[in-house]
Amino acid sequence: MDYQFKDIEKKWQKFWADNQIFKAEDKTTKPKYYVLDMFPYPSGAGLHVGHPLGYIASDIFARYKRLKGFNVLHPMGYDSFGLPAEQYAIQTGQHPAITTEDNIATYRRQLDQIGFSFDWSREVRTSSPDYYKWTQWIFMQLFNSWYNKDTDKAESITNLVKHFEQNGSAGINAVCDEEILSFTADAWKAMSNQEQQAELLKYRLTYLRESTVNWCAALGTVLANDEVKDGFSERGGYPVEQKKMMQWSMRITAYADRLLKGLDTIDWPEPLKEMQRNWIGKSVGALVKFRIAEGELRNENNNSAIGTPTSALIEVFTTRADTIFGTTFLVLAPEHELVSSLTTPEQKGDIEAYIAQAKKKSELERMADAKTVSGAFTGSFAINPLNGEKIQIWIADYVLAGYGTGAVMAVPSGDQRDYLFAKHYNLPIIQIIDIQNIETEADPTKEGHYVNSGFINGLTYKEATAAVVAKLEEIGAGKAKVNFRMRDAIFGRQRYWGEPVPVYFKDDLPHLIEEKDLPLVLPEVDKYLPTESGEPPLARAEGWVYKSQESRDKNQEGAGYSYELSTMPGWAGSSWYWYRYMDAQNDKEFASKEAIEYWKDVDLYIGGSEHATGHLLYSRFWNKFLKDLDLVVEEEPFKKLINQGHIQGRSNFVYRLIDEMGRGTNTFVSHGIKNQYKTSEIHVDVNIVENDILDINKFKSWRPEFNDAEFILENGKYICGVEVEKMSKRYYNVVNPDDIVTRYGADTLRMYEMFLGPLEQSKPWNTNGIEGVFKFLRKFWRLFHNEAWEFSVSTNEPSKAELKSLHKIIRKVEEDVERFSFNTSVSSFMIAVNELTDLKCNNKAILQDLVVVLSPYAPHICEELWTLLGNAAGTLSYTAFPKFNSAYLVEDEFAYPISINGKTKLNLNMALSLEPKDIEAFVLASADVQKYLDNKTPKKVIVVKGRIVNIVL
């Protein structure tokens, strides 16, 4: 029977599911290998052909590792909290859980039909209470921890409390808020519980504080930096502004150094590691205190001068303390807390207008826009601590409130942004190094000697830096400091569809609910919008309050305590999910100690580079925290990471004829002749185009306005235009894998996606080439069947040529899979099948090994042939990968071209070990050669060993 892929694929997908063929073992003598894909958010649109690219690659590798004797964990689940389901709920009133469940059903169907070897017994969903119970539990551990710089790890908050009780705040070296109290043990004990809890909040690894956030009023929530583009939300395109709000944050900055150092220990793409290094942004420099000039601070309410207390300082972090004598003005972030009190009445209008303008940009945009010069003068001045010079205080959006101190000392001679700013606003530029050239731009040189720089004149860079820092410390105007660009992570969203934060408020301070009350389940609400007073949607829940165990025991009626109304951000559930796969059914802990000690970490992780400074950074942070608490065994979660490229859309176009009045007609001109007419291009659905030829009848029924369309053809066909673009519904270039599987089969789709090009590179989807892969699989099937399509294999001894073809592909696939070069394997499979077809090979020993080698790529057809060869169903996935034998590739024969008078007449196979005289004798004795000699005696026989034989008559 010919290759019936539909029946074959359905049969084996059912068999795998019914028999849980890919269920990983928890106890085995086999070595472990953990292969993981970044789990998807289940959107309503389902998968397009670009989505499975990484999944197919990881599945090939997982199947290959099983054949190599590994116990493979290859799970799948869903990152199922997200804004799209919530937005749909807002529009329709349908609960996000219903939408999510429907979407997951679509995803599961699509994933199953592609034949992935996932262990579905371990499926996780971040929106399931059974799962987010443990997300909430990890949050509680963070809340109950602080970071001890001396031990360089997180520790229990009870250790900190014990220290306070015994020694007060003396000797504590913690990552904490800037403004902490100094107190004795007695003073600590004298504090009320309220005061103690308020102080401890400054040390906890997750805490509440006022932060500048990306606020999207239309979505009613705070957005992460990577969710904002050009001042608008990535989803929906709504305006986003910078706003100060009380927010939960996580002290990821405590782990900044470890996050940096850890990058040197993991096998990740270097560009992605560099993205994380830049995001963390370690800088070694100094903290400098600029005193505000007398009388500059003003009352925020009436703008009257209130004098300048000695504590009125602007702190600046700089990596070039040596340039302090070149400072000619200070620049504050528009959100800096001192801006309003520094603004004079004359400058108030300019400052307020500028702040309003700055709010429209995200921090990422402000950092990226290096060309635009803008700012506003506050009207106030500061004093340079080393020379007493009075300098202007400005605000500008290139300074960020969350980086450093939110203020910079501007040195126009050494910094290009400061230089452009000074030129634009006519501010002083002072040369501070003798070889500096500042005629047309800033010169940041560290060579030469200092001038116009007081006590460091004549010194070199290293000497000057040390001298300036020493002087600042001596006069109490600064100190050496290491700074990081990365800020603490905002951990709250003002939306419904997310994990509830397991916190209630008592006397305006946060307290954890009891562990036995986990999970704190999302309550029902009447609408999924913020309240009329602007509170998050959870404020709509009726009677959703926390009651203490005491009041519950006494069955007391009462108001209870208000829960936190924000939910966790989208990255919470994805920051630990790989551990849940290790022990997905455990209801006592997030994963057992035994499971974690066995599986340890992810050996291979495949996903997009767009998660570099989001999920991949937060996951490393949470993993290190869990390691500090001895809950996991590895410092890093993902040993090896591969960023798969994107499959881009291949758009098609038709060309509408424009009439003399400039109006579009209902006539369409073929691509090759469009330049003879005036036309406008229109995207056309790629699913009604094949090999760039438009199906005219389908086009007419595609949209009502095209029912009566007319066409100007070329050679009787309508040829469409082509362009590579992002795969998107708006371009009508989305290809649904369902359609490909229906037409060609899942094995064809799997091999074709690999055939398109290297895994890490982006490439356009082009259906034009898929037919060739389908024909290859049919040709492979043909090897096992006779002319009547009956299954027929022989048990004869394999020939040398057959063994050579087989072992070439064994070696090639081993090498390619180990280096993730899947595309070149597909080409090699085609060559091998062509060679075996030419050899008329139907040898069982050869073909059975070939089935095993091909099975990771095309598992359905190989499972069917494996059983036809007489093997038990379900054993293919765990058989041994054939061993490569180099001896079969050693050439011991050569087909010598035999020429007569310089013209090649035939080829003769001879052993390469034969000497020239033996070759000559063998050739002249050949009956085939004698036919061409016509009984003539050769004058000469020229033998070039291993190359050619020429007979001269």
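## Exercises on a predicted model

The largest share of the lining of the second largest pocket, 3 residues, comes from E16.

**Exercise 1.** Describe the second largest pocket by its volume, by the elements that line it and by the classes of its lining residues.

*Solution.* Begin with the volume, which is about 890 Å³ for the second largest pocket. Next, turn to the lining, where 26 residues are found, and where Phe317, Thr319, Tyr403, Val408 and Asp415 are the closest to the centre of the pocket. Then ask which elements give two or more residues to this lining: they are strand E12 (313–318), strand E16 (407–410) and helix H14 (416–425). Finally, sort the lining residues of the second largest pocket by class, which gives 12 nonpolar, 9 polar and 5 charged.

**Exercise 2.** Work out how helix H5 is placed against helix H19, and state which residues make the contact.

*Solution.* As a starting point, two packed helices are described by the angle between their axes and the distance between the axes. For H5 (residues 129–143) and H19 (residues 615–628), the angle is about 65 degrees and the axes are 11 Å apart. Because angles of 65 to 115 degrees count as roughly perpendicular, H5 is roughly perpendicular to H19. The crossing in which H5 passes H19 is left-handed. On the side of H5, the contact is made by Thr135, Ile138, Gln141 and Leu142, while H19 brings Phe621, Trp622, Phe625 and Leu626. Sorted by class, the contact of H5 with H19 has 6 nonpolar and 2 polar residues, and no charged ones.

**Exercise 3.** Carry out the analysis for helices H22 and H23, beginning with the angle and distance of their axes.

*Solution.* The axes of H22 (residues 746–755) and H23 (residues 770–782) cross at roughly 125 degrees and come within 9 Å. That angle makes H22 oblique to H23, and the crossing of the two helices is right-handed. From H22, the residues in contact are Asp747, Thr748, Met751, Tyr752 and Phe755, and from H23 they are Ile770, Val773, Phe774, Phe776 and Leu777. By class, this contact of H22 with H23 divides into 8 nonpolar residues, 1 polar and 1 charged.

**Exercise 4.** Describe the packing of helix H1 with helix H27, and give the classes of the residues in their contact.

*Solution.* H1 (residues 5–19) packs against H27 (residues 859–868) at an angle of about 85 degrees, with the axes 9 Å apart, and that makes H1 roughly perpendicular to H27. The residues of H1 in the contact include Trp12 and Trp16, and those of H27 include Pro859 and Ile861.

**Exercise 5.** Locate Pro519 and Asn691, and describe the backbone at each.

*Solution.* Most residues other than glycine have a negative phi, and most peptide bonds are trans. With this in mind, note that the peptide bond from Leu518 to Pro519 is cis, with omega near -5 degrees, and that Pro519 lies in the loop between strand E20 (509–512) and strand E21 (545–546). Asn691, although not a glycine, has a positive phi of about 50 degrees; Asn691 is placed in the loop between strand E28 (689–690) and strand E29 (693–694).

Definitions and conventions
Residues numbered from 1 in each chain as written. Predicted model: local features only at pLDDT ≥ 70, side-chain atom pairs only at ≥ 80, totals over all residues. Heavy atoms only, no water. Axes fitted to C-alpha atoms, helices over the stretch in contact; angles between N-to-C directions. Helix = DSSP H or I, 4+ residues; strand = E, 2+ residues; numbered from the N terminus. Parallel < 35°, antiparallel > 145°, perpendicular 65-115°, else oblique. Left-handed = near helix turned anticlockwise from the far one by under 90°. Contact = heavy atoms within 4.5 Å. Nonpolar A, V, L, I, M, F, W, Y, C, P; charged D, E, K, R; others polar. 1 Å grid on protein atoms, 1.4 Å probe; cavity = no way out; pocket = protein on both sides within 12 Å on 5 of 7 lines; lining within 4 Å. Points joined across faces, edges and corners; volume = space filled by probe spheres on them.
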